[in-house]
Amino acid sequence: MRMILVGPPGAGKGTQAAFLVDKFHITHISSGDMLRAAVQEETDLGKQADGYMKAGQLVPDDLVIAMIIERIAKPDCANGFMLDGFPRTRPQAEALDANLKNAGVALDVVLLIEVPDELILERITGRRSDPETGEIYHIKFMPPPADVAGRVIQRKDDTAEACTARLEK
Ligand code: ADP
């Protein structure tokens, strides 16, 4: 099963992705997670991507395309994959298309989750995560348990400003 998950930030893609990859035994590939890991590890890609991400801007196509094309060629994607956060631009979609054609395979599903902008802003600015487990919470809709509340962190691009910039992309 080769699948693309599309939707604005805060639509619940992460939650649905976790459920679907488990159900279909496919590999979850989140461009945002990969880029954040690259920034964390200070790889060449990470150093180039960091500034764009902090500003809520898209990382340049050539960097993201190379990262994803390389990733879906790995053995753990032979049974399929779920792309989450990619493609985000027309050139990315075209590059993916060309790559899959070359490999003689096709996408099975493109799943779009639609959520109105007003809801997105509230979800995103209230989003927090537990740095120890990666668990995602919301200060109002899904508050962290008392023993976790003290250590939750907010993503740098989950401010109202950066979120509005991301929604406009
Ligand atoms: P969100 O969906 O909440 O914006 P992601 O985790 O998907 O967050 O992405 C975080 C950041 O990583 C984006 O704001 C952007 O800078 C970068 N990024 C992720 N995917 C792409 C992509 N396909 N093309 C360009 N930049 C990307």
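**A nonpolar patch and a ligand site**

Val110 belongs to strand β4, which spans residues 109–112; strands are DSSP runs of E with at least two residues, and helices are runs of H or I with at least four, both numbered from the N terminus. The model is predicted, so local features need pLDDT of at least 70 and side-chain atom pairs count only at pLDDT 80 or more, while totals for chains, interfaces and linings use all residues. Residues are numbered from 1 along each chain as its sequence is written, and side-chain values use heavy atoms, with hydrogens and water left out.

Val110 has a relative accessible area of 53% and is therefore exposed (exposed means over 50%, buried under 20%, partly exposed in between, with a 1.4 Å probe and protein chains only). Together with Val6 and Leu112, Val110 makes a nonpolar surface patch of about 250 Å².

The ligand is surrounded by 20 residues, each with a heavy atom within 4 Å of it; the closest are Ser31, Gln57, Gly85, Gln92 and Arg166. Helix α2 (residues 31–40) supplies the largest share of this shell, 4 residues.

Polar contacts are pairs of N or O atoms within 3.5 Å. A ligand nitrogen atom lies 3.0 Å from a polar backbone atom of Val59, and a polar side-chain atom of Arg88 is 3.0 Å from a nitrogen atom of the ligand.

Key:
Polar contact = N/O pair within 3.5 Å; in protein donor to acceptor, adjacent residues only side chain to side chain. Patch = residues over 30% accessible without salt bridge, like charges linked within 9 Å, V, L, I, M, F, W, Y side chains within 5 Å. Areas by Shrake-Rupley, 256 points an atom, 1.4 Å probe, with all protein chains shown as cover. Salt bridge = Lys/Arg side-chain N within 4 Å of Asp/Glu carboxyl O.
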